[in-house]
Amino acid sequence: MKHKTNFRWIISITIISIVTSMTFSLVSSEILDGAGYIIAFLLLAVFILLGIVFDMLGVAVTSAREAPFHSMASHKEKGAREALNLVKSSEKVSSICNDVVGDISGIVSGATAAVIAGNLTRDLTVSGVLTQLAVTGLVAGLTIGGKALGKTAAINSDTKIVLIAGKIISVFHPAKSGNNRKNRNKVEK
């Protein structure tokens with residue numbers, strides 16, 4: 001079975017990646033400019049955690065089945081329709097979560113770690129190579145270990161994780177129910 005290449009999606013995801021990367025880098029550089037070590041390490045932790053959480057969500061939407069969300073949506077459970085939409089669009093959601101947010105978080109956390117290591121080398125007059133190795137190793141270990149833990153949780157609790165994401169999305173962008181569309185069509189006629 002041959003699939004057609006969706007160039008519109010490829011262009012869209014490329015633009016989204018560029019904008020997201022620029023935004024993350026701008027935020028990072030603005031916060032790091034003149035910030036102390038506590039703020040710098042907190043920012044680094046946020047980027048690592050962001051990468052882990054979005055990677056976990058990307059795995060959860062690809063492993064989740066639609067059936068539980070159909071049942072929840074029929075019982076009007078909050079966030080179920082949004083969760084169902086995530087699962088139905090799992091290829092795109094996974095790409096955004098894992099590739100855009102997850103990978104960019106990894107890149108920006110690496111750049112943030114380099115700035116921290118440079119500052120530590122300057123302020124503590126310690127070996128630049130050793131400091132760089134220690135900070136980079138710590139960031140890589142936390143990121144990889146966190147993603148491994150997150151992937152396990154995502155596979156074991158995919159429905160729960162996707163439903164939580166659906167509930168969060170429902171606060172900002174509720175899905176329209178079939179009844180609302182029918183009522184709107186009646187009013188328009």
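Student: Which residues does Thr112 touch, not counting residues up to four places away in sequence?
Tutor: In this predicted model, Thr112 has its place in helix H5, which covers residues 90-124. Not counting residues up to four places away in sequence, the residues that Thr112 touches are Ser28, Leu32, Ala40, Leu43, Leu44 and Phe47.

Student: Is Thr112 buried or exposed?
Tutor: Buried means under 20% relative accessible area. The relative accessibility of Thr112 is 0%, so this residue counts as buried.

Student: Does Met22 count as buried or exposed?
Tutor: Met22 lies in helix H1, residues 7-32. A residue is exposed when its relative accessible area is over 50%. Because Met22 has 55% relative accessibility, Met22 counts as exposed.

Student: How many Å apart in space are Met22 and Ile104, C-alpha to C-alpha?
Tutor: In sequence, Met22 and Ile104 are 82 residues apart. In space, their C-alpha to C-alpha distance is 9.5 Å.

Student: Are H5 and H6 roughly parallel or roughly antiparallel to each other?
Tutor: Helix H6 covers residues 128-156, and its axis comes within 9 Å of the axis of H5, with a crossing of roughly 155°. Angles over 145 degrees count as roughly antiparallel. The relation of H5 and H6 is therefore roughly antiparallel.

Student: How many nonpolar, polar and charged residues has the contact of H5 with H6?
Tutor: The crossing of H5 and H6 is right-handed. On the H5 side the contact is made by Gly102, Ser109, Ala113, Ala114, Ala117, Leu120 and Thr121, and on the H6 side by Gly128, Thr131, Gln132, Val135, Val139 and Lys147. By class, these residues are six nonpolar, six polar and one charged.

Student: What span should the 15 residues of helix H7 have, and how far apart are its end C-alpha atoms?
Tutor: Helix H7 covers residues 158-172. At 1.5 Å a residue, its 15 residues should span 21 Å. This agrees with the model, as the end C-alpha atoms are apart by 22 Å.

Student: Which helices do the buried residues of H7 pack against?
Tutor: The buried residues in H7 are Asp158, Ile161, Val162, Leu163, Ala165, Gly166 and Ser170. They pack against helix H2 (37-63), helix H3 (67-74), helix H4 (80-88) and H6.

Student: What share of the contacts with a separation of 6 or more comes from residues 24 or more positions apart?
Tutor: The protein chain has eight helices and zero strands. Of its 189 residues, 33% are buried. Among contacts with a separation of 6 or more, the share from residues 24 or more positions apart is 79%.

Methods:
Residues numbered from 1 in each chain as written. Predicted model: local features only at pLDDT ≥ 70, side-chain atom pairs only at ≥ 80, totals over all residues. Heavy atoms only, no water. Helix = DSSP H or I, 4+ residues; strand = E, 2+ residues; numbered from the N terminus. Buried < 20%, exposed > 50% of the residue type's maximum accessible area, 1.4 Å probe, protein only. Contact = heavy atoms within 4.5 Å. Axes fitted to C-alpha atoms, helices over the stretch in contact; angles between N-to-C directions. Parallel < 35°, antiparallel > 145°, perpendicular 65-115°, else oblique. Left-handed = near helix turned anticlockwise from the far one by under 90°. Nonpolar A, V, L, I, M, F, W, Y, C, P; charged D, E, K, R; others polar. Expected span 1.5 Å × (residues − 1).
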